[in-house]
Amino acid sequence: MVLPSGLLDRIEAKDDELASLQTPSFPPVDDDDVIALCRAMEGNTILTSVTLAGAKMGGTGARALASNTTLTTLNLSQSKIGDDGATALAGNTALVRLHLWRCGVGDAGAAALARNSTLKELHLSANLVDMAGATALGVQQHAGAPRPDVVRCRRCRRGGAGAPLHAEGAQLV
């Protein structure tokens with residue numbers, strides 16, 4: 001267990017001075033740590049922002065976080081959640097900002113996230129998103145569905161014949 005028990009105790013006690021949490025990237029937290037964190041966060045309405053950048057977690061940890069109804073900002077950059085984790089997080093209706101830089105998210109995960117109506121900021125840079133995922137993000141905008149105000153997808157895969165990654169009408173930056 002990387003997370004100190006004192007920290008988990010503070011979260012369980014709903015410490016009003018703990019509205020955000022940023023874990024150190026070394027040693028990285030893993031799925032078991034994230035599950036323990038989620039258990040500690042049950043009933044906690046104060047902790048709204050969590051950064052687990054560099055976590056050694058996958059879809060299991062992402063699924064545990066997806067059930068949290070208090071978090072509005074979540075940064076899982078450089079974890080290995082992939083499409084499975086992104087799809088789970090897409091079902092969370094409390095998240096407003098989601099940072100998934102370099103998390104192995106592909107077109108299926110991007111398409112699932114495109115259907116989330118509460119995200120205002122979505123960072124997918126350095127992932128495996130191709131034209132299908134970028135198009136899904138753009139199509140949601142054209143279909144009149146709410147979509148994030150900011151979608152970052154820099155250094156994602158490129159479209160056919162080396163074309164730049166973009167979706168017509170989508171505001172990808």
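Residues 24 or more positions apart account for 61% of the contacts in the protein with a separation of 6 or more, where contact means heavy atoms within 4.5 Å. The model is predicted: local features need pLDDT of at least 70 and side-chain atom pairs count only at pLDDT 80 or more, while totals for chains, interfaces and linings use all residues. Residues are numbered from 1 along each chain as its sequence is written, and side-chain values use heavy atoms, with hydrogens and water left out.

The protein contains six helices and six strands. Helices (H or I, at least four residues) and strands (E, at least two) are DSSP runs, numbered from the N terminus. Along the sequence these elements follow the pattern α-β-α-β-α-β-α-β-α-β-α-β. Of the 173 residues in the protein, 49% are buried; buried means under 20% relative accessible area, exposed over 50%, and partly exposed in between (1.4 Å probe, protein chains only). The accessible surface comes to about 8100 Å², and carbon and sulfur atoms hold 50% of that surface. Accessible areas come from the Shrake-Rupley method with a 1.4 Å probe, and for residues only the protein chains shown count as cover.

Helix 2 spans residues 31-41, and its buried residues are Asp33, Val34, Ala36, Leu37, Cys38, Ala40 and Met41. The cover over these buried residues includes helix 1 (5-12), strand 1 (20-22), strand 2 (49-51) and helix 3 (59-66). At the start of helix 2, a side-chain oxygen of Asp30 comes to within 3.1 Å of the backbone nitrogen of Asp32. Gly43, which follows helix 2, has a positive phi near 80°.

The loop between strand 1 and helix 2 holds Thr23. Thr23 has a relative accessible area of 7% and is therefore buried. Apart from neighbours within four places in sequence, the residues in contact with Thr23 are Leu3, Val29, Thr51 and Leu52.

Two packed helices are described by the angle between their axes and the distance between the axes. Helix 4 (residues 82-90) and helix 5 (residues 107-114) pack at an angle of about 5°, and their axes lie 8 Å apart. The axes are lines fitted to C-alpha atoms, for helices over the stretch in contact, and angles run from 0 to 180 degrees between N-to-C directions. Helix 4 and helix 5 are therefore roughly parallel to each other (angles under 35 degrees count as roughly parallel, over 145 as roughly antiparallel, 65 to 115 as roughly perpendicular and the rest as oblique). Helix 4 contributes Asp83, Ala86, Thr87 and Ala90 to the contact, and helix 5 contributes Asp107, Ala108, Gly109, Ala112 and Leu113. By class, the contact has five nonpolar, two polar and two charged residues. Ala, Val, Leu, Ile, Met, Phe, Trp, Tyr, Cys and Pro count as nonpolar, Asp, Glu, Lys and Arg as charged, and the others, Gly among them, as polar.

Leu119 lies in the loop between helix 5 and strand 5 (121-123). With a relative accessibility of 2%, Leu119 counts as buried. The C-alpha atoms of Leu119 and Val96 are separated by 4.2 Å, although the two residues are 23 residues apart along the chain.

Lys14, in the loop between helix 1 and strand 1, is not a glycine but has a positive phi, near 60°. The relative accessible area of Lys14 is 40%, so Lys14 is partly exposed. Ala126, in the loop between strand 5 and helix 6 (131-142), is likewise a residue other than glycine with a positive phi, near 60°.

Methods:
A polar contact is a pair of N or O atoms within 3.5 Å; within protein, one must be able to donate a hydrogen and the other to accept it, and residues adjacent in sequence count only if both atoms are side-chain atoms.
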